[in-house]
Every structure is written in C-alpha cells, then in structure tokens.
Amino acid sequence: MTRLPLDTSKIREDFPFLNRLIKNKPIIYFDNAATTQKPRQVIHTISNYYENYCANIHRGVHTLSQESSELYEEARRKVARFINADEREIIFVRNTTEAINLVSHSLKGEGKILTTVMEHHSNLLPWGRERKVEYVDIDNEGRIDIDDLRSKMDGSTLLVAVGHVSNVLGLINPIPMIIEETKKRGALCLIDGAQSVPHMKLDVKELGCDFLVFSGHKMLGPSGIGVLYIKEDLYERMEPYLLGGSTIKEVHINGYISEDPPLCYEAGTPNIEGAIALGSAIDYLENIQMENVLAHDKALMELALERMGKIKNLEIYGSKDGKERLSVISFNVNGMGCHAVAKVLSLRENIMIRSGFHCAQPLHDKLGIGPSARVSFYIYNTQEEIEIMTELLSKLAQFI
Amino acid sequence: MDLYSILLQRFILPAIAHFTDIKIWHEYKIMMRVESWSLDELKQYQFIKLKKILNHAYETVPFYKKRFHEIGLIPNDIRNDEDIITIPPTTKEDIMLNFPEGITAQGMDRTQWKYVASSGTTRQIMGIHDFRKANINWAAGLRAHKLAGNHTIGKKWMEIPPHMCTNICGIDDSGNREKLFSKKMFSLLLNWNYKDLGQHLYQYFYKQRQNIYRRITLPSFGTEGTNIPEKEVSAYIDSIKKYQPHTLEGLPLYLYTFAKYLIKKSLPPPKVGVIKPFGGSMTSIMKKTIEKAFGCEVNDTYGCSEMGFIACDCEKHEGLHLFMDLYYIEVCRNGKPVAPGELGKLYITDLENVAMPWIKYDVGDVGRYFIEDHGCGRKSIRLQVEGRVEDTLSNSRGELFTSDQIFDFFHGFKEIDNFQLIEKSKGNFDLLCVPNNGADINKEGIVEEFKRFYSTDALVKLYPVKTIKAEDGGKFRFVKSKSFGKI
C-alpha cells in the first residue's frame with residue numbers, strides 16, 4: 001500500500017467517535033458525503049463557547065455579547081480567507097440547501113435557470129418554484145454534456161447552477177470551463193460546493209464564480225451552519241427574503257433602513273456557536289493543509305475504486321477513471337438491494353455507508369438504475385478500513 | 001372466476017411448470033393435499049423433515065456446527081420434541097454476524113440462490129433462499145390466500161403496505177431495471193444461451209408480478225401517522241370502491257381507520273371479497289370493526305419476509321393453522337415450552353430452506369398455540385400471534401400484557417381514537433392519546449382504569465396528541481416496552 005499524505009494515526013487521535021466500540025469492534029465511517037465526524041477541537045470550541053462566551057451577538061454592549069460577536073465575526077473572516085473571499089461576501093446560513101433557496105428567492109431579474117440532471121435535489125427544486133428551469137444532460141458515465149450546456153445557454157439565461165462534485169458519482173465537474181461559458185453569455189454562475197469545499201482548496205476569485213454554497217457539517221463542523229458566498233457587487237441585484245432582527249439599521253412605523261450585507265441576510269439570532277465551530281473546523285483543515293486532504297481522499301478513493309473494480313457482480317456507477325473523481329463511490333451488488341448491503345456492512349463490521357437515491361433521484365433515473373449504495377471517505381479513514389470493506393463486499397457479491 | 005384467472009390457472013401456470021424449473025403449481029397442489037392430513041400424520045412428517053434439516057444444518061453450516069458442539073449434541077441425539085428444547089434459539093444477531101458465509105450451507109450450488117430481506121428500508125434481517133425454497137414460498141403464498149379468503153391467482157388484489165420511503169429511498173432497491181426486449185436478450189438468443197435466457201425471462205416476469213397478480217398498490221399513510229385528514233381517508237375508500245378488489249390487504253391500522261370512517265359516516269361498504277391484514281397484528285377490536293364496516297370476512301395470515309408464509313386463518317377464526325409441513329414452531333417462556341393457550345415467544349424452524357437453514361429462529365413475536373381439533377376440517381396446530389416481543393409489557397407481578405391486549409384496552413374508550421403507550425423505565429409510562437372527534441379526554445379516569453387493568457403501582461402521564469407517528473419503516477408501535485426481557 002502506498003503511504004498516505006496524512007498521518008492518519010495522529011489525526012484519528014483527534015476524533016473521539018473512533019473510541020466507540022459496537023459489539024467490541026470499532027466503527028468504520030464511510031458516510032462522509034452525508035456528514036463528517038467532528039474532531040475534539042471543534043467539540044471543545046462549542047463547549048468552550050457555552051461555558052465562557054454564550055450571549056447574543058451584535059446587540060449588546062456587555063462584555064459577553066461583545067466577545068461573542070467578535071468570535072462570530074472572526075469565524076466569518078476565517079471562512080472568507082478559506083475560499084479567498086472578502087468577509088463582506090460571506091453569509092452564514094443553515095446549510096447548502098438554505099443557501100440555494102436564498103439565492104433563488106433573493107436574486108432579482110428575469111431569465112431562465114440552467115442546471116444539470118445530476119444535481120442534488122436542493123440544487124433542483126428551489127429553482128423550479130418561481131423560474132423556468134432547463135436541465136443540461138449528462139453522458140452514460142455522468143459527465144456533463146458541455147455541448148448541451150452551450151446549446152441551452154442563450155441570452156435569456158440568468159444563472160447556471162451546478163454542483164462542483166456529484167454527491168452520487170463523485171465526478172469532478174469542469175467548473176472553470178462551465179464558468180467561462182457562462183461568462184461568455186453574460187449569465188451568473190452558482191457552484192454547489194457541498195462535496196468539493198471539504199476536500200480541496202477553492203479560490204473563488206480564481207474560479208470567478210458568482211455564488212458558492214457549502215455546508216459546515218460535511219467539513220468537520222457542526223450541523224446547522226452553512227455558507228453562501230456572494231460576489232460583492234452582486235448584492236445590488238439581490239434583496240433579503242427574511243426580514244427582522246439583525247437585518248435593519250433603523251425601523252420606524254412607516255419604514256425601515258436595511259442593514260448592509262451580509263448582515264441583512266442573516267435575520268434573527270443566527271447559529272452563533274455553529275459559525276464559531278465552523279471556524280474551528282477550518283482551522284483544523286488548514287492546519288493539516290487542504291492539498292493533503294485532497295491527496296489523502298483521492299488516494300483512498302483510488303484504492304477503493306481499484307479493489308471494488310475487481311469484485312465480480314459489483315457495479316460501480318460513473319467514470320472509473322480516478323482522475324475524474326473525488327471521494328464518493330456509488331455502486332450496487334447485483335441481486336442484493338442497496339439497503340441490504342448497507343445493513344450487512346453495518347451489522348457485521350460496523351461499516352457505516354449510505355443507501356438510497358442520495359437526494360439525486362433524477363440522476364438515478366437518467367442512469368437507468370434504482371437506488372444505490374454509496375461510500376465516501378475523509379481524513380480519518382484508512383487503507384485498512386477500505387480493505388475490510390472490500391473484503392466483505394467481495395464475500396457478498398461473489399457469494400451468490 | 002373470470003377468463004384471465006381461468007387462463008392463468010388452467011393453462012399458463014401448468015405450462016410454465018411443464019417447460020421450466022418453476023414448480024409453483026406442483027408444490028401448491030402437494031401443499032393443499034397435506035391440509036387434509038391428521039395431526040399425527042402431520043407431526044410425523046414434520047419430525048422427519050425437522051431431523052433432516054437439523055442434520056443438514058449441522059453438516060453444512062459452520063454456525064450450527066459450532067452451536068451443536070457448544071451444547072455437546074449432535075442432531076442424531078434428537079429423538080423427540082423435548083430434545084429440541086436443548087437447542088438454543090438463533091437470534092437475529094446470530095444471523096447477521098455470520099451472514100452470509102457463516103450461516104449458509106457449504107458445498108452447495110449457489111447459482112440459483114437469492115438474497116431476501118425484511119421489508120422496509122431498515123432491512124433488519126437478511127436471508128437467502130435457494131430456487132426450491134423460493135418456489136415453495138410462492139406456492140405457500142397461493143395456499144395461504146386460497147385457504148384464508150379463497151383468493152386465487154388472477155383475482156383482483158389491492159394492497160396498502162406501510163413503507164413510507166418508497167420514492168425517496170427506493171423500496172425496490174434491486175438496482176435492476178432491465179427490459180424484456182433488451183440487447184442482452186437478443187444476445188442470449190443469438191448465442192442460444194438457454195440457461196441465462198431462462199433467468200432473464202424469470203427476472204423480467206418476477207418484476208412484472210404486480211401485473212400478473214392484477215395487484216395494485218396504494219401509497220402508505222406516510223409521515224402523518226395514524227390520523228390523516230378525512231379527505232385522504234375518503235380518497236382511499238374511493239380507490240377501493242373503484243377497483244373492487246377480491247382481496248384488500250393492508251396494515252391493520254389502515255384498514256381499521258377506513259372501517260371507523262365508514263361507520264362514522266354511515267357509508268355503504270365498498271365491494272371487497274376479503275380483507276387481509278399484513279405487516280402487523282390485528283386485534284379483536286380491529287377485526288370486529290373492520291368486519292362490521294366492510295361487511296366481509298377478515299382473514300389473517302402469518303409470515304415474515306425472511307421465511308415466507310407460515311400460517312393462515314380458517315373460517316372458524318380461532319387461530320391461524322400452522323403450515324406444519326413447512327415449519328416447526330415452539331412457544332416458550334424463559335426458554336421453556338409453555339402449555340397450549342399460554343403466551344410465549346415464538347421460535348421457528350424452517351423445514352425447507354436448505355441454503356440457509358433457520359433453526360429455532362427467534363422471530364421476535366409472541367403468541368399462543370392450540371392443539372385441539374376445533375372442527376374446521378384442518379387438523380394442524382393453530383397459532384395466535386399477538387404482537388412483538390419488544391412491545392409486550394410485564395408488570396411488577398410478572399404478568400404479561402401483549403400489545404394486542406393493550407390496544408384493545410385503550411380502544412375500548414370511546415374518547416380515544418388512537419394511542420401510544422411508551423414505557424420510559426420499568427412501570428413508568430407516557431400515554432399519548434388522540435382524542436376521538438375532538439372529544440375531551442378524561443385524563444384521570446383513563447389513567448386510573450389503566451392502572452386497574454395493568455398494575456396499580458404504574459406511573460402514567462397522559463398527553464393528548466393529534467396523531468401517533470409511524471416508525472422508520474412505516475409501521476406503528478402502539479406499545480413500546482422496556483420490560484420484554486422477562487419473556
């Protein structure tokens with residue numbers, strides 16, 4: 001086995017969940033595309049906040065409120081630096097889904113939305129509610145059909161919304177090319193980074209996207225905190241869709257003066273501890289370096305792809321070329337339902353994987369398959385864990 | 001009988017049996033003959049098969065080999081029912097920790113084996129059927145439907161299963177969406193690959209069984225729980241009226257809800273031949289209400305996905321007749337067999353599954369058995385299944401209360417439409433009650449009545465609610481117990 005870029009034994013010491021035994025066996029957690037586990041540094045940040053700093057932000061002059069506000073804004077700065085944005089361009093939301101809904105509601109202007117058939121439901125459903133939506137096709141292995149994208153893009157296209165990495169196939173979409181095409185037609189581009197931001201260094205300035213959305217819980221942070229990046233000059237084309245506390249400078253009975261962005265998009269008391277803990281998760285990732293995270297996840301994916309590819313009766317979906325993929329692999333064992341596969345893996349070896357449509361049913365329909373099993377890796381996973389999983393999968397697939 | 005049923009039964013099924021390995025019709029006929037045997041004949045036959053499967057399990061299955069060695073026994077030592085008691089039950093955990101290679105027969109041809117799993121996305125238990133077991137299972141289904149409700153293949157059939165996640169999670173999760181006239185079929189034809197072509201056709205028609213059966217499936221109540229809006233209940237009734245199925249199958253709670261609605265609105269019953277509960281236990285109050293509202297018989301069957309059809313009703317409705325040629329059942333409490341009529345856990349041995357023998361499988365249900373001939377003409381042992389072990393309460397005096405008994409107790413109150421009793425710790429309950437038509441609930445009165453029924457030392461807090469939520473798989477648990485370990 002090749003040496004992994006990350007020292008997993010050291011990293012694993014930071015993750016308390018790995019100490020848990022179920023039926024005297026450790027847990028092998030391969031459901032990272034749904035949510036990742038949390039290092040003790042993130043857990044400590046949350047408990048430290050509750051123990052020492054808990055107060056509402058932006059509205060108090062007392063010490064705790066000011067300290068809490070500072071921690072919250074510091075988290076915003078960390079997120080901004082993480083993707084090379086300005087802090088004014090970062091809006092804290094609950095998750096990727098909320099971020100896309102916010103853009104869908106808040107973006108002014110007429111025009112159609114272009115998205116693809118491979119998207120997560122949260123990058124499909126919000127667009128169709130109020131606007132015309134067209135869907136870019138994919139090939140048999142899930143790659144976006146760029147010619148179809150070009151043919152569907154015209155002067156009436158307001159925005160192209162596309163996932164950076166498919167949460168089913170793990171395919172890395174050609175985002176720079178898509179953004180270039182989008183810019184040529186004067187349209188906007190939203191990148192769903194839920195499956196890419198946790199795994200690779202992203203620079204929004206270099207990419208040139210208009211919006212980037214991602215979730216904290218998929219990158220070591222807590223649930224209920226997500227990020228919407230908006231290129232600052234686009235605030236002129238947006239208007240807040242939730243009003244209330246924090247979104248205003250002045251309120252009179254006959255009107256109000258809106259707060260400046262990003263605060264005007266964060267109505268009510270936000271998930272303060274979630275944002276601060278997301279900042280801590282980013283610290284953790286930056287400490288081990290995103291280049292290493294990417295290399296580690298790719299190495300695991302390539303090993304799994306290679307081992308699983310050898311198993312007869314096991315069908316992997318999407319391109320088999322490791323260069324095109326990130327750390328998600330969806331598959332089915334012939335003759336055995338995906339839920340059954342997931343259950344057996346869980347009960348026999350405590351291997352936690354996902355089964356179903358992974359919130360991407362149109363993609364499954366397009367590929368002509370039913371629901372699938374999915375494994376996804378992250379920094380604490382090891383080659384040995386992949387060997388254990390593939391050995392059991394091999395037994396299941398070749399048994400009948 | 002309509003033309004389709006006649007064609008199917010007289011020509012198509014016999015032809016399939018003649019030209020292929022699919023011997024469902026043949027097995028069905030044998031099974032129907034067995035139904036006329038005396039109890040002694042059945043017991044004799046059952047014991048011969050039991051010995052055979054025990055020997056087979058011992059010889060070929062690593063898990064059972066080890067288990068027999070652990071208890072210092074070999075199957076040849078087993079001479080009567082009492083000897084079988086010494087074999088420990090096989091738990092679901094035993095199955096899943098050894099699945100598949102440790103719990104299946106070694107040295108057999110596995111090419112026609114098939115994975116089976118308990119229904120719902122939770123897939124609590126996995127199993128394997130060989131081709132013959134699959135055939136027998138299919139035939140046992142025909143037998144159960146014929147004997148309990150006179151349903152024969154081809155008659156109209158409607159089902160309302162509990163699965164909540166049919167669309168998003170994908171209940172049919174086989175991943176196989178192959179068409180009949182596909183490239184694969186033509187390639188098999190060109191190469192005259194007779195065996196794989198047969199498999200292709202089998203797989204296709206297996207997928208088409210819904211159409212072959214003339215069965216339509218209505219969606220479950222979903223996440224709304226027990227009390228869905230009346231307009232939705234009305235829509236279900238309209239669908240039943242329109243289709244006029246001979247057999248209407250559904251989760252007992254669904255059928256009970258329809259019945260209560262029909263009675264409340266004084267509506268004429270939809271035309272249904274027979275009603276069958278599945279996916280849960282049907283209590284006597286449910287049964288009486290459904291019979292009254294629909295004006296037809298309610299016939300019950302018993303089985304589980306991992307094994308198949310195990311028992312079915314007769315016209316006397318005094319317990320379900322066990323398919324003794326296919327299963328051996330023990331009813332035990334604290335590991336010891338109970339007397340006829342007494343409550344205990346069910347341990348089931350599948351006499352037909354040679355691919356994956358299930359020996360004294362702890363299926364997780366409680367019930368009673370009855371031996372005496374009650375005059376229906378079938379002499380087999382009868383079973384009365386009364387719910388899940390984990391839903392059975394035990395009071396401070398060690399008396400058992402099944403979820404069926406508790407269901408009927410609470411549904412005896414006019415002001416309660418639905419309920420859920422959750423035992424948080426031993427003898428300490430939360431009681432959730434859905435008021436009937438917005439009725440005021442007499443909290444103190446109900447709690448006192450329950451304490452008199454169950455145990456005066458019980459602590460009970462009653463909370464009125466609007467609905468009782470279903471479990472993850474869509475089924476309902478009206479009693480959640482912490483004391484089931486006592487059984």
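## A first look at the cores and domains

Of the 193 residues in the largest nonpolar core, the ones that touch the most other members are A:Cys189, A:Phe211, A:Val227, A:Leu228, A:Tyr229, A:Val341 and B:Ile348. Such a core is a set of buried Ala, Val, Leu, Ile, Met, Phe, Trp, Tyr and Cys residues joined through C-beta atoms within 7 Å; buried means that 20 or more other C-beta atoms, placed from the backbone, lie within 10 Å of a residue's own. This is a predicted model, where local features need pLDDT of at least 70, side-chain atom pairs count only at pLDDT 80 or more, and totals for chains, interfaces and linings use all residues. Residues are numbered from 1 along each chain as its sequence is written, while chains are lettered from A and ligands numbered from 1 in the order in which they are written.

- A second, separate core has 44 residues, among them B:Phe221, B:Phe419, B:Phe429 and B:Phe450.

**Domains of chain A**
- Domain 1 covers 8-30 + 289-399 and domain 2 covers 42-287, with bounds from an automatic or database domain assignment.
- Their centres, taken over C-alpha atoms, are 28 Å apart.
- The contact (C-beta atoms, placed from the backbone, within 7 Å) takes 24 residues from domain 1 of chain A and 25 residues from domain 2 of chain A.

**A helix in chain B**
- In helix H2 (residues 24-34) of chain B, the buried residues include B:Trp25, B:Tyr28 and B:Met31.

Terms used: Contact = placed C-beta atoms within 7 Å. Buried ≥ 20, exposed ≤ 12 C-beta atoms within 10 Å, placed from the backbone. Helix = DSSP H or I, 4+ residues; strand = E, 2+ residues; numbered from the N terminus.
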